[in-house]
Amino acid sequence: MSSSYAARQGLLSALRIGFPIVVLMTIIGLIANLLICYAIFKKNELHKPVFYLMINMAMSHCLALIDSCTVVGINYYLSLNVYTSPLLVVLCKVTYYINGIAYVVSTTTLTAISFERYYSISASPSPRVSLLNTSLKLKVTIALTWIAGIAMAWPYMVMVNILPQHPWSCNVGYVGSYYNLPYFITILVIAFIIPSLITGILYFKVITFLRQKMNHHNRHQNIIAFQRTRIRHLNTIKMLILVTIGFMLTCMPIFISSVIVAWNSQNSVNFIIVI
């Protein structure tokens, strides 16, 4: 009991400081993502598939921010009151589930953006032709990112609970060796490793293509017009690379810690108590 009490006090102390910071970061993140959406809707020249995919990613980021703040708020309430109820258990399940959906949607959307950029810049037989060149293709792609998130995050509804003996935090329960570890390794591979590799390879190919094309156009008279197009493409790719790296670095501790806890055959609360 003493270790449980110490863990609860440590969590409570961290949340007293951390919760206001999380709320502030959530507000800033929401404003930034909504401004991105507003700018894209406002400018007609940004009404292109890649920017609509960026809106989808911004919406998933907003969902993740709101949901993460809610999770922290629930845990703060639980650690203060050491009290549980069926409603709080449902809230824990739903918030973790929605968080899982948001992360998967973001990583799959980043992958879709890299495919779109690669095709439209370096693989398309005609310049400026997008891989998602019809409204139907774009809508199906966006829908698939959400379907993937809903399907892949569903196990959280089974695993998440509140332990009666430690009712001071939402808990990712240990269902069994056949469930937790295979699931979190699968999520790590499908929602983190594979998207990271795909986006890295495709953006590398795009940058290589633009450099090679520059050498070819040095012999032609339309070098100024090409330079402008090339710089615009490079700036967009650099921005997307930074967004991808930033988001993946944010996700990495969540994916890896989930695998570590499952590897040790423990639920999340007991793992916190042990460490």
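I started with Glu116, which is buried at a relative accessible area of 1%. Buried here means under 20% relative accessible area, exposed means over 50%, and partly exposed is in between, with a 1.4 Å probe and protein chains only. This is a predicted model, where local features need pLDDT of at least 70, side-chain atom pairs count only at pLDDT 80 or more, and totals for chains, interfaces and linings use all residues. Residues are numbered from 1 along each chain as its sequence is written, and side-chain values use heavy atoms, with hydrogens and water left out.

**Salt bridge.** What does Glu116 pair with in a salt bridge? I found its side chain meeting that of Arg117, at 2.8 Å from N to O. The criterion is a side-chain nitrogen of Lys or Arg within 4 Å of a carboxyl oxygen of Asp or Glu. Arg117 is buried too, with a relative accessible area of 11%. My search of the whole structure gave 1 salt bridge. Side chains of opposite charge can pair when their charged atoms come close.

**Helix 3.** I took helices as DSSP runs (H or I, at least four residues; strands are E, at least two), numbered from the N terminus. Helix 3 covers residues 86-123 and holds Val105. Ser114 is in helix 3 as well. Is Ser114 buried or exposed? I have it as buried, at 0% relative accessible area. Leaving out neighbours within four places in sequence, Ser114 is in contact (heavy atoms within 4.5 Å) with Ile198, Thr199, Leu202 and Tyr203.

Val105 also counts as buried, with 0% relative accessibility. With neighbours within four places set aside, I get Asn56, Ser60, Thr145, Trp146 and Gly149 as its contacts. Asn56 is 49 residues from Val105 in sequence, yet their C-alphas are 8.4 Å apart in space.

**Helix 4.** I checked the span next: helix 4 (residues 135-153) has 19 residues and reaches 27 Å from first to last C-alpha, close to the 27 Å expected at 1.5 Å a residue. The expected span is 1.5 Å times one less than the number of residues. Which residues of helix 4 are buried? My list is Leu138, Thr141, Thr145, Gly149, Met152 and Ala153. Down the helix axis these fall within an arc of 100 degrees, so they line one face of helix 4. The arc is taken over directions from the helix axis to the C-beta atoms. Leu136, Lys139, Leu144 and Ala151 are exposed on the face turned away from the buried side. An α-helix has 3.6 residues a turn, so residues three or four places apart point the same way.

**Helix 2.** Helix 2 (residues 49-81) has 33 residues and reaches 48 Å between its first and last C-alpha, close to the expected 48 Å. Just after helix 2, I noted Val82 with a positive phi of about 45 degrees. Tyr77 lies in helix 2 and is partly exposed at 39% relative accessibility. Not counting residues up to four places away in sequence, Tyr77 touches Val82, Tyr83 and Leu88. Tyr77 and Trp168 are 91 residues apart in sequence and 8.1 Å apart in space, C-alpha to C-alpha.

**Helix 6.** Ile193 sits in helix 6 (residues 180-217) and is partly exposed at 36% relative accessibility.
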